[in-house]
Amino acid sequence: MKGPKQLTVVIKLGTSSIVDEKTHEPLLSILSLIAETAVKLRKDGHKVVIVSSGAIGIALRRMDLHKRPKHLSKLQALAAIGQCHLMSLYDSLFAQLRQPISQILLTRNDIADRSRYLNAQNTMAELLEMGVIPIVNENDTLAVAEIKFGDNDTLSAITAAMVHADFLFLMTDVDCLYDKNPRTHSDAQPIEVITDIGGIQADVSSAGSSLGTGGMGTKIVAARLATSAGVTTVITRSSAPGNIHKIVKYLQSVKAINNGSTGTSTPTTPAEDSAGADALASRLAALDMLEKPPLHTRFLPLSTPMRDRYFWLLHGIPPHGTLYIDVGAHAALSEKAGLLPVGVLDVEGNFAQQEAVRLVVVNRPPPSETDKDHKNHQDHAVSCATLPLTPASVAAAKWEGCTLMEVGRALVNYAAPEIARIKGRRSSKIGELLGYADSEYVAHRENIGLFVGRESQPVSPVLAAAANSGGVAGYEMGN
């Protein structure tokens, strides 16, 4: 009989999970439990990555500073001081358990450059194969605002996608998400399973600590990124790291029970119908006998996750400009075609060849009688659903009466001034307009990533709500 599947688990720890907010002393009890939990997962055959903040927080105590400074150079200096001490703490704790660890420091530039991204990915894969636990942090000593991830929640989601993780655990100061703030509402209900992040009804007012940069809102963003890459994302309490091992064991047991059930074919006889009912009853009984896991919120991944390169295109590279395209071009992209200049309506920003840009569809209402003779007028498009355009653009006035929908990102074959000259024209005219034609496409399809939508599904706030569908973790029926 096959044993449980080997999983890859990423654990994200914020500064408040590692350092006391008032005294700035390292929380050795929690760090020790983190080490024990990671080693337990390793002994179960799983691969473990830790994404850890805390360098600046630890440095505050080492340098006898009472609060986090605001000047970038001082923060970078503290990061250099604290990172040494932080890794020393981890190394001493894991050494007691004979578990080797490694340090990986990243900036946004390391992710944005494809070759450096692949190098980091290959290094982590090799470390995990060697049985080492990589400890990842942002390289705050080098990072400036333009190349920072913003918070380690985002870094943990990108890391989880990079190592093709099965689980991302975001450790925080609450057990799970609630529909209201549990500190002020005694009737707040936990939200334990979320299938549609877009439809979430939860209280995310919790801000980050005075030492850190993240809050509950950043964890929702991280969950959105990770689930799009096929990673189940879990929010649970950081003061009880042992919950991670219990949750993983529980979900593995649920999956084993669901995979062991038969009756996948449609019953055709009363005997088969009876056998199917018995199998279902047996499965429900087995699920009911399982020890309930600690309270947590679990975000279910997309059923068709993004491929690695497309995830990198969408979330690894900061865009340097915007291409406004028509709905016909968007439809062609959805059918795996490249972006031709004829489908480009306008260009915004100053970007170079092979830099990333946003792709925004311009949608217009049906033309009026006076517009029928202007079918190619580029101030209009066809109406469709919308997503918020980020960032807000000056083009809003230009496209007044139209709906703008950001649909993806692309690495372009031409610079902004070149695209401005060939937009709306056939590819055969590129050479005539520019004097050369490097490609018939503004962007090749392999260099275009489109955001993946998720069908709206109901949120399941309590474990008991899943009883009729065969268990709270019915999604774990797959391999």
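Predicted model: local features only at pLDDT ≥ 70, side-chain atom pairs only at ≥ 80, totals over all residues.
Visitor: How should I judge whether His-46 is buried or exposed?

Guide: The general idea is to look at the relative accessible area, where a residue under 20% counts as buried. His-46, found in the loop between helix 2 (28-43) and strand 2 (47-52), has a relative accessible area of 2% and is therefore buried. Leaving aside residues up to four places away in sequence, His-46 touches Lys-5, Gln-6, Leu-7, Leu-41, Val-248 and Gln-252.

Visitor: How many salt bridges are there, and which residue does Asp-175 meet in one?

Guide: A salt bridge is a side-chain nitrogen of Lys or Arg within 4 Å of a carboxyl oxygen of Asp or Glu, and by this rule the count comes to 11. The side chain of Asp-175 meets that of Arg-237, with 3.0 Å from N to O. Asp-175 lies in the loop between strand 5 (167-172) and strand 6 (177-178), while Arg-237 is in strand 9 (residues 232-237), so the pair ties together parts that are 62 residues apart in sequence. Asp-175 is partly exposed at 22% relative accessibility, and Arg-237 is partly exposed at 26%. By contrast, the salt bridge between Arg-409 and Glu-406, with closest N and O atoms 3.0 Å apart, joins two buried residues.

Visitor: Which residues form a nonpolar patch on the surface?

Guide: Such a patch joins nonpolar side chains within 5 Å of each other, and here Met-63, Leu-65 and Ile-81 form one, with about 230 Å² of accessible area together. Leu-65, in the loop between helix 3 (55-62) and helix 4 (72-96), is partly exposed, with a relative accessible area of 35%.

Technical notes:
Residues numbered from 1 in each chain as written. Heavy atoms only, no water. Patch = residues over 30% accessible without salt bridge, like charges linked within 9 Å, V, L, I, M, F, W, Y side chains within 5 Å. Areas by Shrake-Rupley, 256 points an atom, 1.4 Å probe, with all protein chains shown as cover. Helix = DSSP H or I, 4+ residues; strand = E, 2+ residues; numbered from the N terminus. Buried < 20%, exposed > 50% of the residue type's maximum accessible area, 1.4 Å probe, protein only. Contact = heavy atoms within 4.5 Å.
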